[in-house]
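This report looks at one helix and at the aromatic contacts of a single model. Please keep the structure in view while reading.

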Amino acid sequence: MKTSLLLAGIFLAGIFLLGPVTSQKCNCAPNECCSKYNYCGTRDDYCGKDCRGGPCTLPAPQNNVDVSSIVTSAFFSGILAKSVGNCPRKSFYTRDVFLKVIGDYPHFGRSGSIEDSRREIAAFFAHVTHETGYLCYIEEKDGHAKAKEYCNMTNTKYPCNPTKGYYGRGPIQLSWNYNYGEAGENLGFNGLNNPEIVARDQTALWFWMDKCHWDFASGNGFGATIRAINGKECNAGNTGAMNSRIKYYNDYCNQFGVDVGPNLGC
């Protein structure tokens, strides 16, 4: 995603199709957990929120919010209605598949109070709206022309394939070789050699839960999610883009009948 740039067919297979990893890749002992960095251990930093396998002890969801009662048909259709009339990707985005896939992410929109849940859902869709142009685009505009910009040559863990481009793809547009590599490693596909998969099988909820959810649930505000998704917009880097995200967030919080909380900007 631009620091990270970060919904059938796609939504036929889904706005956020890929679910959490169920297989352990660390070859840990039965009593050990596999961390997000593929190390074995038993402490909270292995078995807690970033656990990828073994006897994980993720904190339980804190409320029983019905996300479908917040992400109503009217809400979802209201976003789609604002996309351009000839949008080629419009039919790929459906509420039904989104609601099906969030079953793989039981903490999404269910941490903290009911108001916190509404704020998180508003934040998620604010970024999706900004990144996709009201659920229209599935790839970054002119992404092919920018392909070489998103290769971090210093990252040796996830080296770039020189024939591939790691520009923004998906509802929260995944960018950079290290994000594609990590997404593939955690979700079970070859992100470095087959980055095009991201434009078909979504990684948006994976990225949100891995990079944004826990900070937001801890009360760090909407600004923290901007920094996680595209930190280049922070500190006056791109005030227009940052304010665009904030505008959508304000709008959706208003629709959900909740205040925006602290730390709007970054």
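## Helix 8

Because 11 of its 14 residues are buried, helix 8 is largely enclosed by the rest of the structure; buried means under 20% relative accessible area, with exposed over 50% and partly exposed in between (1.4 Å probe, protein chains only). Helices (H or I, at least four residues) are DSSP runs, numbered from the N terminus. Among the buried residues are Trp206, Trp208, Asp210 and His213, and the cover over the buried residues includes helix 6 (114-132), helix 7 (177-187), helix 9 (222-230) and helix 10 (239-256).

Helix 8 (residues 204-217) has a kink of about 40° centred on lysine 211, where the bend is the angle between axes fitted to the seven residues ending there and the seven starting there. Just after helix 8, glycine 219 adopts a positive phi of about 90°.

## Basis of the model

The model is predicted: local features need pLDDT of at least 70 and side-chain atom pairs count only at pLDDT 80 or more, whereas totals for chains, interfaces and linings use all residues. Residues are numbered from 1 along each chain as its sequence is written, and side-chain values use heavy atoms, leaving out hydrogens and water.

## Aromatic pairs

The whole structure holds 16 aromatic pairs, counted when ring centres of Phe, Tyr and Trp (its six-membered ring) lie within 6.5 Å, with planes under 30 degrees apart stacked, over 60 edge-to-face and the rest tilted. The rings of phenylalanine 75 and phenylalanine 256 have centres 4.9 Å apart and planes at 50°, so this pair is tilted. Phenylalanine 75 in helix 4 (residues 73-80) and phenylalanine 256 in helix 10 are 181 residues apart, and both are buried.

Technical notes
Helix = DSSP H or I, 4+ residues; strand = E, 2+ residues; numbered from the N terminus. Contact = heavy atoms within 4.5 Å.
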